[in-house]
Amino acid sequence: MKLTSDNKLKKLIIVGDRVLIKIRKSDERTSSGLYLPPGVQEKEKVQQGYIIKTGPGYPIPSPMEDDEPWKDREESIKYIPLQAKEGDLALFLLNGSYEVMYEGEKYYIVPQHSILMLEREEEL
């Protein structure tokens with residue numbers, strides 16, 4: 001299978017309560033008119049980026065029913081879904097995230113608890 005820009009991220013599976021974020025390109029100029037190199041902006045404690053993929057959420061333990069041992073046990077794992085959705089703009093803490101390179105692009109894997117705010121295009 002040849003990787004294209006449309007399907008190269010389909011092979012990635014995000015685990016648990018984590019999301020995959022691509023940093024939003026911010027203005028390279030400060031309010032006073034100074035141009036900052038990209039390294040200075042990347043060291044900020046709070047970053048913003050678009051959510052590319054999300055994990056399934058927080059796993060819920062299955063209840064133990066020992067009263068009927070002849071029943072087949074299904075290994076269906078249930079999850080509490082995440083608040084973040086694909087396409088949201090997220091404001092997140094950089095020190096709680098992990099930087100990864102995939103196909104030559106930089107992404108961040110961020111746990112749900114490190115996301116401070118979400119901006120969604122649709123109405124609430």
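Where is the place of Ser-97? Ser-97 sits in the loop between strand 5 (89-93) and strand 6 (98-102).

## Basis

This is a predicted model, in which local features need pLDDT of at least 70, side-chain atom pairs count only at pLDDT 80 or more, and totals for chains, interfaces and linings use all residues. Residues are numbered from 1 along each chain as its sequence is written, and side-chain values use heavy atoms, with hydrogens and water left out. Strands are DSSP runs of E, at least two residues long, numbered from the N terminus.

Ser-97 has a relative accessible area of 13%, so it counts as buried (under 20% relative accessible area, 1.4 Å probe, protein chains only). A polar atom of its side chain lies 2.7 Å from the backbone oxygen of Leu-94. Leaving aside neighbours within four places in sequence, Ser-97 is in contact (heavy atoms within 4.5 Å) with Phe-92, Tyr-108, Ile-109 and Val-110.

Ser-114 belongs to the loop between strand 7 (105-111) and strand 8. Ser-114 is also buried, at 4%. With neighbours within four places again left aside, its contacts are Leu-91, Phe-92, Leu-93 and Gly-96.

## Nonpolar cores

A nonpolar core is a set of buried Ala, Val, Leu, Ile, Met, Phe, Trp, Tyr and Cys residues joined through side-chain atoms within 4.5 Å. The largest has 11 residues, including Phe-92, Leu-94, Tyr-108 and Val-110. Strand 1 (18-23), strand 5 and strand 7 each supply at least two residues of this core. Apart from it lies another core of five residues, among them Leu-9, Ile-14, Tyr-102 and Tyr-107.

Terms used:
Helix = DSSP H or I, 4+ residues; strand = E, 2+ residues; numbered from the N terminus. Buried < 20%, exposed > 50% of the residue type's maximum accessible area, 1.4 Å probe, protein only. Polar contact = N/O pair within 3.5 Å; in protein donor to acceptor, adjacent residues only side chain to side chain.
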